[in-house]
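The structure is shown first.

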Amino acid sequence: MSRTTLYALRRLALSAVIASTLAGCGTAADTGAADGKPAGTTARTGTEVKPIKAARTITDSRGTTVTTKQPPRRIVCLVALCDDMLAELGMTPTATNSRLLAHEKFLGPRKAAAVPTVPGGFLSPEAEAIVGFTPDLVIGLEDTHGKLAPALRGATTFWPVQPAKWQDSVGYLRDLAALTGRTREGERAEKAFREKLAAAEAERSDQTALVMFGSDENFGVATPGNDVAAGLLPKVAHYPWESRGVDGSYAMEEILARDVDVLFVETLSFGGPAKPGERLSDKLAANPLWKRIPAVKNGKVVEVDPEVWAKGRGTRSLGIVLDEARAALR
């Protein structure tokens with residue numbers, strides 16, 4: 001698989017802000033360190049949560065205004081952030097195209113299987129099928145599902161979201177809590193996440209971490225600004241990886257030179273989790289440079305669930321990322 005195809009695959013799996021043609025993915029005020037900078041360079045993330053007021057109209061951090069006549073109860077999720085937010089608010093989507101809910105800290109496999117799947121897949125969900133679910137609200141990714149807006153107009157309300165950092169995710173949660181009237185649930189979820197993030201910052205590790213993604217033997221590096229979960233890593237570890245835009249990614253030689261202590265690996269696959277022997281870390285095992293990375297030599301390679309690490313992007317998913325990252329960095 002070419003590197004171009006790899007990034008196209010990640011776009012399909014993660015739908016990140018970066019384009020699929022790469023060569024090598026109402027916000028509350030915050031006092032935390034800027035994404036991409038080590039915790040401690042500015043004040044630690046605040047744990048205070050402003051009250052959320054129920055509203056029929058919200059304007060999100062990107063300036064998108066959403067209005068619903070009644071608190072939405074039938075919500076169709078075209079992006080996993082939607083599933084994450086609903087879980088935090090004690091709700092279940094009317095239909096979804098994500099596998100996030102099958103995670104044990106969401107609904108679990110049995111209950112998740114009862115949630116209808118939106119036909120057409122992530123990139124091309126069928127508008128007619130979406131309308132057939134009679135939703136009050138449809139939440140999708142702006143750069144992927146924005147094209148559906150004309151087809152849904154008049155039948156339902158469409159809300160395009162586009163998170164780039166954890167503060168965006170918190171803002172979207174607060175907005176949805178206001179629309180649904182689940183204000184206390186939204187406040188509790190935000191509070192729990194902020195406290196978890198502040199605790200992680202207080203115990204920041206000096207070890208060097210890296211989040212890799214890929215399929216076959218091709219890989220990319222998840223960076224703050226392009227990946228919401230990666231934006232948390234500088235707060236809990238040394239994370240010297242910055243986006244290189246459309247001009248390229250990191251070579252294995254560069255990764256080796258950074259003396260990575262802990263490697264988090266997202267194997268991009270379809271049809272379910274990759275099996276042992278098919279994971280990215282298994283595929284890279286034959287690379288002599290891979291074998292020399294400290295994390296590999298010391299057994300500190302952690303295969304993580306891309307449904308949570310790459311796709312989730314909400315406060316519950318990011319809380320899981322923090323838990324798993326901190327456990328591996330001890």
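## Arginine 326 and glutamate 203

Arginine 326 counts as buried because its relative accessibility is 19%, buried meaning under 20% relative accessible area, exposed over 50% and partly exposed in between (1.4 Å probe, protein chains only). Its partner in a salt bridge is glutamate 203, with the closest N and O atoms 2.4 Å apart; the term requires a side-chain nitrogen of Lys or Arg within 4 Å of a carboxyl oxygen of Asp or Glu. Arginine 326 belongs to helix H15 (residues 315-329) and glutamate 203 to the loop between H8 and strand E7 (209-215), 123 residues apart. Helices (H or I, at least four residues) and strands (E, at least two) are DSSP runs, numbered from the N terminus. Glutamate 203, at 58% relative accessibility, is exposed.

## Basis of the model

The model is predicted: local features need pLDDT of at least 70, side-chain atom pairs count only at pLDDT 80 or more, and totals for chains, interfaces and linings use all residues. Residues are numbered from 1 along each chain as its sequence is written, and side-chain values use heavy atoms, leaving out hydrogens and water.

## Other salt bridges

The structure holds 13 salt bridges. One of them joins lysine 235 and glutamate 201 at 3.2 Å, N to O. Lysine 235 is in helix H9 (residues 233-236) and glutamate 201 in helix H8 (residues 183-202), so the pair ties together parts 34 residues apart in sequence. Lysine 235 is buried at 0% relative accessibility, and glutamate 201 is buried at 6%.

A network of salt bridges links Arg99, Glu307 and Lys311.
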